[in-house]
Amino acid sequence: APIFEVSSRSGNDWGADIAEDVIQAWWEEYSGQTFLDRVALQAMLGGSAPVFATWDQALDGWSGDIRMQCLPTRQVVVDPYLSEARLLQSDALFVGVEVVRPLSEMRLRYGDRGKLVKPQSGFSHFSGTSEYVSGIGRPYRRASNRGAEMSSSAVPRASERRIYFRDLTLHPMRPETQAGTPNLLFPRKRCIVWSWDKVLLSDGDGVNWDGKFPLELHDWGMNLEHSYGESEYESLWPMQDAVDRLLSGLVHNARLHNEPPWMAEENSIDPVELDHWERYSDHPGQFHFYKPGARAPEARSPQAYPQVVVETLRMLQAGMELISGIVPVMRGQTEPNVSAGRAIDSLQAAAAATTRRASRRLEDFLSRYGQLVLSRIMQYFSDERIFYLTKHPRTQEILQQRQQFLASLVNAPDEEEMERLLLFANRDLKLKVKPKSGLGISVAQEILFMERQAAAGRVEPAEVLKAARVSDADEKIEAAQQAQIKQAMRMAQ
């Protein structure tokens, strides 16, 4: 599982430690690793996985919680001029999403405006003759197969369209701040929400403190033309289709050898015998009856597939393994003419380059997405929940500082001061994923790796102790160094 690390730019190490404990505990509580597997699978198949981090007050018995949601790309629209997924927050101008909600939830979320939304036929009724109804780009199975009495009792639903965009409209009363920078009318992204029947549900400034788009993109492979990435499935599909066709032909040919078709002259077999055609089989001792003067029925076995077909299958399989990064050393096999242990280790390290590259991209996505989650925790989590998720001895003091910060927001003399405080709060804590923690390597392997790095002078000795999960590694290293100095001084005397 990934290990999150939080640091503070202002030196608030206690607050950073508590935030690190809270987000790690929340990740495990939410079964984040299972969710991450879903994100990686969608990105691998579709090239990209848009993942949202929004606050949903309806969760956890209306206490509210962070909703992590990985939506299909057909439900999300991203600025087409965005070239890289990692630049979403800085370069994209808009992000749109479409979801389906029950009308009761529409009314609860948007009040009188939600009451104007009408049921959408594609989502709100079941046909008595069709087994499927339309969804967002795919069919959904009927709720019941019991017949037409269920068609009128379906929950009425409608699609909600939401767009977040960077509106650069200046404030009409005060177009510039005291520092001379543009004073935007919507500093935290403008958000417009409407229904499928063009009912405007909401329009205003974003509600999140960080002012970012509420999603991040995980692109499986780099694409220089857009941010959606490349699908590994699409690169392998042509060869997989060729393999399927060739294998299907081989299997069909083998079946024809065991059960060949029969050839017989017209009217050469008595109709009664046609009713018992199973007699004409390869079982020994069977009698085959045919009319006098007619040619006896015979089985026509097909010709065997040529050897070139088998060789083509082997070549296709080898090509698929090379494209996907699977080489013999990853299956525990040695390359031809390679026997030295060091050479085999080098081949294994080189073969793992594709895995490490995918891991780095995943860790980069988690760092960006974790920053969104960290902002939601700072803004929405109650003091009781933070206290429950961490065992830090200074939690009470940090929570008191948090309450003072919230009070300063309420008592801010103007919007400019409030935006300054929010900007400082969201820039202070920086989250990243510990390198290689997403690879799932063992502690022993990590210690061995760090030992080699320390021996080569690339990392400090304390990193070896940290890899061994030793707490207060820096203090223990310093204590050991002081003990060595004292020992040397005694010997010198």
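**Entry 1: the largest pocket**

I began with the largest pocket, whose volume comes to about 1,400 Å³. I note that the model is predicted. I then listed the lining of this pocket and found 43 residues. Those nearest the pocket centre are Pro187, Asp210, Glu419, Leu423 and Arg427.

I asked which element supplies the largest share of the lining of the largest pocket. It is helix 14, with 10 residues. I recorded four elements that each give at least two residues to this lining: helix 4 (88-91), helix 11 (353-380), helix 14 (415-428) and strand 14 (429-433). By residue class, I find the lining divided into 18 charged, 13 nonpolar and 12 polar residues.

**Entry 2: Leu215**

Is Leu215 buried or exposed? Its relative accessibility is 0%, so I class Leu215 as buried, the cut-off being under 20%. Leaving aside residues up to four places away in sequence, I list its contacts as Pro50, Val51, Phe52, Val76, Leu88, Gln89, Val95 and Leu372.

**Entry 3: His218**

I stayed with strand 11 and examined His218, which is placed there. I class His218 as buried because its relative accessibility is 2%. With residues up to four places away in sequence again left out, His218 touches Val39, Ala43, Gly47, Ser48, Ala49, Arg361, Leu362 and Phe365.

Key. Residues numbered from 1 in each chain as written. Predicted model: local features only at pLDDT ≥ 70, side-chain atom pairs only at ≥ 80, totals over all residues. Heavy atoms only, no water. 1 Å grid on protein atoms, 1.4 Å probe; cavity = no way out; pocket = protein on both sides within 12 Å on 5 of 7 lines; lining within 4 Å. Points joined across faces, edges and corners; volume = space filled by probe spheres on them. Nonpolar A, V, L, I, M, F, W, Y, C, P; charged D, E, K, R; others polar. Buried < 20%, exposed > 50% of the residue type's maximum accessible area, 1.4 Å probe, protein only. Contact = heavy atoms within 4.5 Å.
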